[in-house]
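Subject: Structure handover

Hello,

Here is the structure I promised to pass on. Please open it first, then read my notes below.

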Amino acid sequence: MIKLIITDMDGTFLNNQGDYNRELFQDVVAVMRDQGVKFAPCTGKQVERVEELLGEQSRDFWILGDSATRIKHRGEYVYQSFLDNSLGLAIIRQLESIAGNHIVIACTPEFAAIRRDTPEPLQALVRRSYAQVNLVDAYEDITSDFVKITVFDENKQCAVIREQLSQFDNFAYIVVSEAAWIDIANAGVHKGTTVEMLQSILGVSKSETMAFGDGYNDIELMERADFSFAMRNAFEETKVVANYVTRSNDEDAVMHTILQFLTLQEKR
C-alpha cells in the first residue's frame, strides 16, 4: 500500500515551461488526502519557491527543498543540514578560479546569493528556482553557513568543472545533476539520505513509497522506493536504476501515474 509519494520538480513534476496542470493536481491532492497519502516535493529549488509554486496547500506537504538539505512541514523545519561557512567559501573560491562562464548560487538558510554582476537573463533564471535572492559584491561577505552551493553553466560544461572539485570530495556531496548544473551539499547528504530520514519520521517503508525523477541526482531517490518511476525524458542512468519508466514531464505523467495507482489501491 502506497503511503508516501515523493517527486522531483524540474523535468519531472513541472513541465518544460516550469509549470504544472493545476486543475489536475487538485484531483491528485484530493485522492491523496482521502487515502491518507503523504506528498513530498524533493527538489533543488528553494523551499520558499516550492511554497510559491504549490500555494497554501503546500503547508500539508513535506517539502524536501534546497537539494534535499532541508525538510519543512506545516511551517517548521524538521531537518536541516549545513555546509560550514569556511568550507563553503573555500569551495566557492575554487569555483571562481575555474575558467568559464558558469555562475555560483550560494544558498544560505535565508536567501540564495549571486554576484551583483550576474547578467540579467541569468538572474531571471535563478529566480525561477529561488524566491529569496540577494545580490552580493563578493561571496566572502556571507557570514552564515550554507544549505547548499549550486553551479549553473549555460555551456553545459559541469562535468569538466566537477573534475576540478575533487579536493572537496571527503567534505561535501558534489553531484552533476545534469550537464548544466552541479549541486553541492554537506557530506553524505543527498535525496536518498533525506528521503530515508523522512520515511523514518513517518514510519513508512520502501515498499510503501512511490518516487519520480529524471536527473542524475535522482538516482539515490529511486533507490529509496519500490515504486520508483523515471520519466521518459530522464537520463538513461536514472532509467536503469528506476523500477518503472513513465511518460514525460510534458504529459503530466507524475499526476496521471499517481491517480492510476491510487485508484487501483482504493479498489482493493
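A residue is called buried here when its relative accessible area is under 20%, exposed when it is over 50%, and partly exposed in between. Keep in mind that this is a predicted model.

Helix H4

Start with helix H4, residues 85-97. Which of its residues are buried? They are Asn85, Leu87, Gly88, Leu89, Ile91, Ile92 and Leu95. An α-helix has 3.6 residues a turn, so residues three or four places apart point the same way. Several elements cover the buried residues of H4. Among them are strand S6 (103-107), strand S9 (148-152) and helix H6 (158-163). Strand S10 (172-178) and strand S11 (181-186) are also included.

H4 has 13 residues, so at 1.5 Å a residue it should span 18 Å. Its end C-alpha atoms are 18 Å apart, which agrees.

A three-stranded sheet

Next, look at the open sheet of three strands. Its order is S3-S4-S5, and the pairing is antiparallel. Strand S3 (63-65) and strand S5 (76-80) are the edge strands, as each pairs on one side only. From one strand to the next, the twist averages 25°. Strand S4 (residues 70-73) is joined to S5 by four bridges. Lysine 72 has tyrosine 77, in S5, as its bridge partner.

Salt bridges

How many salt bridges does a search of the whole structure find? The search gives 18. Side chains of opposite charge can pair when their charged atoms come close.

- Aspartate 66 and arginine 70 meet through their side chains, at 3.6 Å from N to O. Aspartate 66 has a relative accessible area of 1%, so it is buried. Arginine 70 is buried as well, at 2%.
- Arginine 115 pairs with aspartate 117, with the closest N and O atoms 3.2 Å apart. Arginine 115 is partly exposed, at 27% relative accessible area. Aspartate 117 is exposed, at 52%.
- Arginine 116 pairs with aspartate 137, with the closest N and O atoms 2.9 Å apart. Arginine 116 sits in the loop between strand S7 (112-115) and helix H5 (120-127), and aspartate 137 in the loop between strand S8 (133-136) and S9, so the pair ties together parts that are 21 residues apart in sequence. Arginine 116 is partly exposed, at 45%. Aspartate 137 is exposed, at 51%.

Finally, find Asp8, Lys191 and Asp218. Salt bridges link these residues in a network.

Best wishes

Technical notes:
Residues numbered from 1 in each chain as written. Predicted model: local features only at pLDDT ≥ 70, side-chain atom pairs only at ≥ 80, totals over all residues. Heavy atoms only, no water. Helix = DSSP H or I, 4+ residues; strand = E, 2+ residues; numbered from the N terminus. Expected span 1.5 Å × (residues − 1). Buried < 20%, exposed > 50% of the residue type's maximum accessible area, 1.4 Å probe, protein only. Contact = heavy atoms within 4.5 Å. Pairing = 2+ DSSP bridges. Axes fitted to C-alpha atoms, helices over the stretch in contact; angles between N-to-C directions. Salt bridge = Lys/Arg side-chain N within 4 Å of Asp/Glu carboxyl O.
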